[in-house]
Amino acid sequence: MAVGATLKTELFPNGGGLKNVARDEGEKRPRWAEIAYEAIAPVYDDFTAHHDYELWFGRLLPKVERHGIPGRRLLDVGCGTGKSFIPMLERGYEVTACDISSSMVEIAREKVGDRVELHVADMRELPVFGEFDLVFCVDDAVNYLLGVEELVQALTGMRRNLGLGGLLMFDVNTLEAYQTFFAEEVVVERDGRRMTWKGLSTPDAPPGTIAEASFEVEPLDETGGPPIPPELHRERHFSEAEVLAALEQAGLECLDVFGHHHEVILQQPLDELAHAKGVYIARAAEAS
Ligand SMILES: C[S@@+](CC[C@H](N)C(=O)[O-])C[C@H]1O[C@@H](n2cnc3c(N)ncnc32)[C@H](O)[C@@H]1O
């Protein structure tokens, strides 16, 4: 964290995300994720254009389906610009979705109009939107929760949205992700702009780390749109033991845990250093 702190001062001479969060100190819930996604929203799809949801869901969904998804009502929590629910519309799901960032939701709405019921909502205080056959929260959205207490709150909200026999699926980044992607610089040049991700974590980041990375955009020519000043992404690593305990506290029964790396070969057991992501499948516990 010492290295991160030095870099932060260099990267955010005028405060940047730190200034935003200082503004929030008196608030009940830190707004790091909302601030970061309001900033990245205009270029999010460009920066993540290589994410292959057909491959990912093609491997993940059969693992969920084998536990028996009772119907086709889906709630996508932390839906972003819709990249995670659009493949589900194509699979015949009736979708409700929400995200903490109104700009991300607005982009999703431009893509799907009223085919999806969209809400701006914080998963730490998730309303009950209905009774869903599948609730999912994907692409490390839960890692933006910065403590176990917030994770339990979010999982409890997801459980309350499950209909009879409904299933929950979510992924978390492993320690490997915080020791590599969050410790590296990634530059993507596309559509007249340079998008720079600067990981501020370290290759020896410990379990439970809160890792930071800054993201900024510079236009390379007149087609590149306005610059986006550096904004901080903060994610917390959750170990398997922490996730399993949080699931139990939230009234959920864990059915399966998988790990996979970028080529999406799902394996058991989850290995924090060999896999990039952990995937959890759960349902409401009998007593809840
Ligand atoms: C990496 S993006 C993934 C978006 C989408 N699920 C996808 O696969 O493209 C993480 C998303 O989680 C959202 N998020 C982070 N914290 C949240 C919270 N507390 N409540 C709701 N959404 C949140 C962010 O705004 C962002 O859109």
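An oxygen atom of the ligand lies 2.5 Å from an N or O atom in the side chain of Tyr53. This is a polar contact, meaning a pair of N or O atoms within 3.5 Å; within protein, one atom must be able to donate a hydrogen and the other to accept it, and residues adjacent in sequence count only if both atoms are side-chain atoms. The model is predicted: local features need pLDDT of at least 70, side-chain atom pairs count only at pLDDT 80 or more, and totals for chains, interfaces and linings use all residues. Residues are numbered from 1 along each chain as its sequence is written, and side-chain values use heavy atoms, with hydrogens and water left out.

A polar side-chain atom of Asp122 is 2.9 Å from a nitrogen atom of the ligand. A polar backbone atom of Met123 lies 2.8 Å from a nitrogen atom of the ligand. On its own, the ligand has 590 Å² of accessible area, and the protein covers 99% of that area. Such areas come from the Shrake-Rupley method with a 1.4 Å probe; for residues, only the protein chains shown count as cover.

The ligand is surrounded by 21 residues. A residue is near if one of its heavy atoms lies within 4 Å of the molecule. The closest are Tyr53, Gly78, Asp99, Asp122 and Met123. Twelve residues of this shell are nonpolar, four are polar and five are charged. Here Ala, Val, Leu, Ile, Met, Phe, Trp, Tyr, Cys and Pro count as nonpolar, Asp, Glu, Lys and Arg as charged, and the others, Gly among them, as polar.

The ligand sits in the largest cavity, as more than half of its atoms lie within 2 Å of the grid points. On a 1 Å grid over the protein atoms alone, a cavity is a set of points where a 1.4 Å probe fits but cannot get out; a pocket is an open set with protein on both sides within 12 Å along at least five of seven lines, and lining residues have an atom within 4 Å of a point. The structure holds one cavity of 30 Å³ or more. The largest cavity has a volume of about 410 Å³. Its lining has 29 residues, with Gly78, Asp99, Met123, Ala141 and Tyr144 nearest the centre. Helix H3 gives the largest share, three residues. The lining divides into 18 nonpolar, five polar and six charged residues.

The largest pocket has a volume of about 830 Å³. It is lined by 32 residues, and His50, His51, Asp139, His262 and Lys277 lie nearest its centre. Elements that give two or more residues include helix H3 (32-40), helix H5 (53-65) and strand E9 (228-236). Helices (H or I, at least four residues) and strands (E, at least two) are DSSP runs, numbered from the N terminus. The largest share, three residues, comes from H5.

Two backbone features stand in loops. Asp139 has a positive phi, near 65 degrees. Asp139 is placed in the loop between strand E4 (132-137) and helix H8 (148-160). The peptide bond from Gln268 to Pro269 is cis, with omega near 0 degrees.

Methods. Points joined across faces, edges and corners; volume = space filled by probe spheres on them.
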